[in-house]
Amino acid sequence: MQTLIPQQISATGRTFGRMGRVVGYGITARGLSLLLAGLLFSVPEFFHPHRLWIMLAWDGVVALLILVDAMLLVTPAKINIIRRFLHSPAIGQPVEIEYEISQLSNGIVTITVTDDLHPALIEMPRPVTLTAFPREAAKASLTVSPRERGDVELGKIYLRYKGALGLVERWAVCDCEQEIRIFPASEQGTSNTELYLMRARQIDLQKRRLRLRGIGREFESLRDYQRGDELRNISWTATARRAKLITRQFTTERSQQVWVVIDAGRLSRTAFELKHAASDPGQQDLIVTQLDQAATAALMLAQVIGSSGDKFALLTYGRAIQQQLLPGNGAPHLRIMVDLLSQTKSERSEANHLNAVSRLKNLQRRRGLVLWVTEMADSVGRPEVVTAASELVRHHLVVLVLLQHPELEALSTREPANAEEMFASTAAQEILERRRASIVKLRQQGVLVVETTPGEVGAAAITKYLEIKAQGLI
């Protein structure tokens, strides 16, 4: 028996293997019907007992055909199967899994494939059926919609296939264990057009920015030496070629460093239903967590930040730092960020915001922009995230993207019908009042606060980033 060597894939990929052990045989509905048809020959036995041989002969012929059909069935060792993801799986986005089977027998085989996929990909197994011709690859596909991020295990592949007569069915299993990584979605519920317009607007703003000469250390051009130029700016190679003093001219660094900070503490585990657009009625609503939406927003932000020429970085944290990525740009840097976001997990305890700020201050010495996606925990005293943001804003421009819950607003404005509802409404009003007071203090200290729902966190963060770029605050 040959088994599949497990293969880990982080994007698109495939697992290949030969069928392993035979689980068993079974008689198909056609074979069983032919055997039961022999009972019809038992009717004449009530009148002519010597004609019993007719029924026995019929059952014998059917049994012989079943035996021949079983012997002609292709052995599992001669069946090759490939499981292939046609593109990278992302949460909430349909992904197609392709199964390619080739068999080395001389007959035509009808095969039913049942894949033991992880519940994060599919709730219940859905068999797919294909017809495999001799030495020709047959393909069938299955579409699934991932519901969780991170690494998931895929199990074995089970096959049921029939012979040419269709009287016998063989069951076999292929050890196609495999680990794949489900990435955060690259887009949220907003339309693609809106995202592209935001990108175009951001790029246009970047191109129209003034280039200031004479300051900074980014090389811009060469010119003749003038009295008062610093000696360190003289280009001695250009001077030697032109036989006169040549000075290097610099411009301000246009590439800013933007950190995306994500809170993966207890509150990020809150789940909600993500509604799909009315133009896609066939797509079911998806249950996601706030961390899933924050990861999607971070990916959207990174794409827009990178298209502007700025450098993007990542920091995710709970009680401790989970993932960190230093500032960079380009497609390879974006792929690393996507991989880190896929591995970020929600924690059961409160996040340590002060520890995250301390790490960020050590990693980012020069002034930069910090887009911080978090939620303000309800507490009688001063929330820790307020203290942490007040400390961070001394060195950086901080945008605090706070997630809010519309149902809390609705509860606070509801007219109570009984004492229990009155206490609930009063508690909601008190929570919102403390939240508003904390936000006012943050804004007084220079923190830019954006309040949004988890479903619109990506669009809200990008809009604020574009406003900052337009105003030249970084």
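**The largest cavity and its lining**

Author: By class, the lining of the largest cavity has 5 nonpolar residues, 3 polar and 2 charged, where Ala, Val, Leu, Ile, Met, Phe, Trp, Tyr, Cys and Pro count as nonpolar, Asp, Glu, Lys and Arg as charged, and the others, Gly among them, as polar. The model is predicted, and for that reason local features need pLDDT of at least 70 and side-chain atom pairs count only at pLDDT 80 or more, while totals for chains, interfaces and linings use all residues. Residues are numbered from 1 along each chain as its sequence is written, and side-chain values use heavy atoms, with hydrogens and water left out.

A cavity here is a set of points on a 1 Å grid over the protein atoms alone where a 1.4 Å probe fits but cannot get out, and its lining residues have an atom within 4 Å of a point. The count comes to 1 cavity of 30 Å³ or more, and the largest has a volume of about 60 Å³, a volume being the space filled by probe spheres set on grid points that are joined across faces, edges and corners. Its lining consists of Asp263, Leu267, Ser268, Gln290, Leu291, Ala294, Val373, Thr374, Glu375 and Leu403. Helix H5 (290-307) and strand S20 (369-374) are the elements that give two or more residues to that lining, and H5 gives the most, with 3 residues; helices (H or I, at least four residues) and strands (E, at least two) are DSSP runs, numbered from the N terminus.

Helix H5 also takes part in a charged contact. Asp292 and Arg149 meet through their side chains in a salt bridge, at 2.7 Å from N to O, the term requiring a side-chain nitrogen of Lys or Arg within 4 Å of a carboxyl oxygen of Asp or Glu. Because Asp292 lies in H5 and Arg149 in the loop between strand S8 (138-144) and strand S9 (150-154), the pair ties together parts 143 residues apart in sequence. Both Asp292 and Arg149 are buried, that is, under 20% relative accessible area with a 1.4 Å probe and protein chains only.

The whole structure holds 1 aromatic pair, meaning rings of Phe, Tyr and Trp (its six-membered ring) with centres within 6.5 Å, where planes under 30 degrees apart count as stacked, over 60 as edge-to-face and the rest as tilted. The ring centres of Tyr317 and Trp372 lie 6.4 Å apart with the planes at 70°, so this pair is edge-to-face. Trp372 belongs to S20 and Tyr317 to strand S18 (residues 311-317), and the pair links distant parts of the chain, 55 residues apart. Tyr317 and Trp372 are both buried.

Definitions and conventions. On a 1 Å grid over the protein atoms alone, a cavity is a set of points where a 1.4 Å probe fits but cannot get out, and a pocket is an open set with protein on both sides within 12 Å along at least five of seven lines; lining residues have an atom within 4 Å of a point. Buried means under 20% relative accessible area, exposed over 50%, partly exposed in between (1.4 Å probe, protein chains only).
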